[in-house]
Amino acid sequence: MIIGTAGHIDHGKTSLVKALTGIDTDRLKEEKRRGITLELGFAHLKLEDGTVAGVVDVPGHERFVKAMVAGAGGVDLAVLVVAADEGVMPQTREHLDICRLLGVKAGVIALTKSDLLAELGEEWFTLVKADLVALTAGTFLEGAPVVPCSSKTGEGLAELRAALTRAAQGLPQRPSDGPVFLPVDRVFTIKGFGTVVTGTLLSGTLGVEESTSLLPGRPGPFRVRGIQVHGEAAQKVQAGQRTAVNLTGVEPEEIDRGMVLVRAGELPETRMLDVELSLLPAVEDPLPRRRKLLLHLGTAQVEATVALLDLDKLEPGETGLAQLRLSGPLAALVGQRFILRGSQALPGRGATVAGGRVLSIAPPRRRKGASSVVAPLLEANADGHVAWLLRQAGYRGLTQVELFGRSALTPKVLARSLELLGARGGALLVDREKRLYLSGEVFEGLQKRALALLAAFHEREPMREGLSREELRQRLSAELDPRIFQRVAQALVDTGKAELDKEVMRLKGRGRTLTVSDEGARARVAAELAAAALAPPTFNELAQKLQLPAPRLQELLKVMVAEGAIVRVSEELCFDAGALAALRERLVAWLREKKEISTQAFKEMVGQSRKFVIPLSEYFDREKVTLRVGEKRVLRRG
């Protein structure tokens with residue numbers, strides 16, 4: 001687990017960590033020179049029950065709240081440090097607000113510099129304790145032990161360690177079988193090893209030799225060369241532990257704090273988040289329906305437009321649903337906590353104004369009133385969450401790996417949910433190889449849309465037999481996976497709602513229908529082509545002679561070809577089927593007797609010009625009746 005310090009500048013956080021652990025977390029020269037913490041510091045502490053906890057020491061100055069939040073994002077247990085000689089100060093309040101909003105569940109109050117209490121007097125001590133009671137009322141620190149201690153004399157350190165041990169015993173473990181999620185708080189190079197990133201693993205288990213990505217912007221994959229936990233080499237690191245990970249294939253200058261180390265392919269980066277949002281009670285004005293604030297998520301900081309989904313404004317102390325639209329991409333985990341800060345500090349407590357938890361990652365842009373879409377996530381169990389994700393994915397569907405990353409469920413729970421949803425028709429496995437799933441509701445919707453498209457097509461183009469399968473897929477959605485469409489088409493055929501004739505789909509019992517006018521036009525076309533025999537008019541000549549619009553004539557010719565009344569020899573020429581069959585018989589008889597035929601002899605057989613002879617020669621070649629050998633043709637075998 002991770003223990004984190006919190007509190008105002010110069011209240012003794014770093015000295016306390018050094019006194020407890022023997023590790024000085026101020027490692028920078030500037031920190032030594034100025035005597036204040038500027039950056040996150042790290043140590044480890046052995047508790048009384050033998051548990052080794054990671055310790056994150058945060059800066060107390062208001063200017064370095066960004067670093068404080070980066071460290072607090074992975075904290076399980078907070079030590080609120082309050083100096084006995086100063087009591088509660090602005091950053092004491094803001095740090096407590098941040099810990100509350102980030103979901104810290106337990107903690108201890110360390111009243112440092114207790115060696116000064118004797119000269120400050122009992123009355124002052126009583127006032128400080130009263131301030132602490134007022135400060136922590138209604139928070140996770142209400143009723144928490146207040147331990148006077150001194151880093152200078154060592155007084156109270158054993159009692160503080162014992163209090164931390166007791167507080168730690170009731171804490172839940174972080175999900176070690178969830179998606180790998182390690183927000184990067186430091187990056188550096190070790191000679192002979194290369195790039196190292198450090199952070200607190202918030203979820204999952206990461207092992208040596210695994211493939212990872214750094215989000216946003218560095219998909220890799222990057223191999224894990226080595227792992228350290230508390231300064232010791234390890235084969236794997238589990239959620240809730242601080243770690244250093246040695247990566248190959250990436251340079252330190254390519255990595256920034258705010259990136260997240262994830263297992264390759266598990267999580268997408270995003271510019272949108274659906275969230276549950278709470279406004280601090282101390283905020284003076286309500287949050288309007290749309291406002292820009294600074295988002296702190298993990299170790300990342302990015303400007304976000306906060307768009308309320310169900311309210312015109314969020315009053316101080318209220319909770320509502322919102323969408324965060326980000327100025328740049330980042331990685332997030334469902335259930336992850338975040339804070340939002342404004343540009344101006346609240347009186348006596350800093351600039352933190354709100355916080356909450358992530359409900360969904362990479363959603364579409366929501367409109368006002370979309371709370372009914374997002375609200376089910378507040379109460380959804382595992383099955384409901386998976387069903388919701390599949391509905392939101394629409395026609396694209398989601399693979400099991402994508403569902404794992406977007407739900408943060410354990411593999412066993414996810415597999416069981418998919419099995420139950422599959423049995424109830426709520427989820428459909430449409431590609432076993434990819435493990436691609438589609439929502440049952442979406443699948444039914446696709447069938448209804450396909451039927452509607454076929455019905456509209458039959459009304460609009462009654463002379464066509466039906467729509468080609470590919471054309472129907474494109475009309476449903478150009479991005480629709482062909483395997484999903486195949487399942488849709490098969491379902492329509494299996495239920496007797498549609499028919500599939502080779503590559504053409506039509507509604508059951510529907511197909512080509514001609515009006516009286518169409519029948520008359522077809523008869524005129526047939527008569528014209530029969531009379532023309534082996535010298536038919538071109539398409540344009542036929543349209544002009546019969547006074548038929550080109551599109552209508554085109555459809556009539558398709559109908560007549562399908563019926564076998566005529567044969568399309570080229571784009572421009574259609575022949576009466578009877579005349580063409582007679583010519584074929586004569587040609588075959590000639591070739592059986594004389595073995596070959598020249599172009600001139602074939603021209604005499606047809607009795608027409610090259611305008612008709614050349615297309616007919618090529619047609620018989622295509623039909624595998626003849627085979628061209630030099631300038632002559634022979635009968636093709638078989």
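Two strands pair if DSSP finds at least two bridges between them; strands (E, at least two residues) and helices (H or I, at least four) are DSSP runs, numbered from the N terminus. The model shown in every view is predicted, with local features requiring pLDDT of at least 70 and side-chain atom pairs pLDDT of 80 or more, while totals for chains, interfaces and linings use all residues. Residues are numbered from 1 along each chain as its sequence is written, and side-chain values use heavy atoms, without hydrogens or water.

**View A. An open antiparallel sheet of three strands.** The strand order is S28-S30-S29. Strands S28 (467–468) and S29 (498–501) form the edges, each pairing on one side only. Four bridges link S29 to strand S30 (residues 504–507) in the antiparallel sense, and Leu 500 stands opposite Met 505 in S30. Helix H15 (residues 482–494) lies across S29 and S30, at about 115° to S29. Such contact means heavy atoms within 4.5 Å; the angles run from 0 to 180 degrees between N-to-C directions of axes fitted to C-alpha atoms, for helices over the stretch in contact.

**View B. An open sheet of six strands with mixed pairing.** The strands follow the order S2-S3-S1-S4-S5-S6. At the edges are S2 and strand S6 (146–148), each of which pairs on one side only. From one strand to the next, the twist averages 25°. Strand S1 (residues 2–7) is paired with S3 in the parallel sense over three bridges, and the bridge partner of Ile 2 in S3 is Gly 54.

**View C. The antiparallel pair S17 and S22.** Eight bridges join strand S17 to strand S22 (residues 319–330). Leu 273 stands opposite Leu 324 in S22.

**View D. The largest pocket.** The space in the largest pocket is about 920 Å³. Its lining comprises 36 residues, with Arg 174, Pro 175, Val 334, Gly 335 and Gln 336 closest to the centre. Strand S24 (350–361), helix H9 (376–379) and helix H10 (382–393) are the elements that give two or more residues to this lining. The lining residues divide into 19 nonpolar, eleven polar and six charged. A pocket is an open set of points on a 1 Å grid over the protein atoms alone where a 1.4 Å probe fits, with protein on both sides within 12 Å along at least five of seven lines; lining residues have an atom within 4 Å of a point. Its volume is the space filled by probe spheres set on the points, which are joined across faces, edges and corners. Ala, Val, Leu, Ile, Met, Phe, Trp, Tyr, Cys and Pro count as nonpolar, Asp, Glu, Lys and Arg as charged, and the others, Gly among them, as polar.

**View E. The second largest pocket.** About 580 Å³ of space lies in this pocket. Among its 31 lining residues, Arg 186, Thr 198, Gln 228, Gly 231 and Ala 244 lie nearest the centre. Elements giving two or more residues to the lining include S2 (41–46), S3 (52–57) and strand S12 (218–229). S15 gives the most, with five residues. By class, 15 lining residues are nonpolar, twelve polar and four charged.

**View F. Arg 166 in helix H7.** Arg 166 is placed in H7 (residues 157–169) and counts as exposed because its relative accessibility is 55%. Arg 166 and Asp 49 are 117 residues apart in sequence, with a C-alpha to C-alpha distance of 9.2 Å.

Note on methods: Buried < 20%, exposed > 50% of the residue type's maximum accessible area, 1.4 Å probe, protein only.
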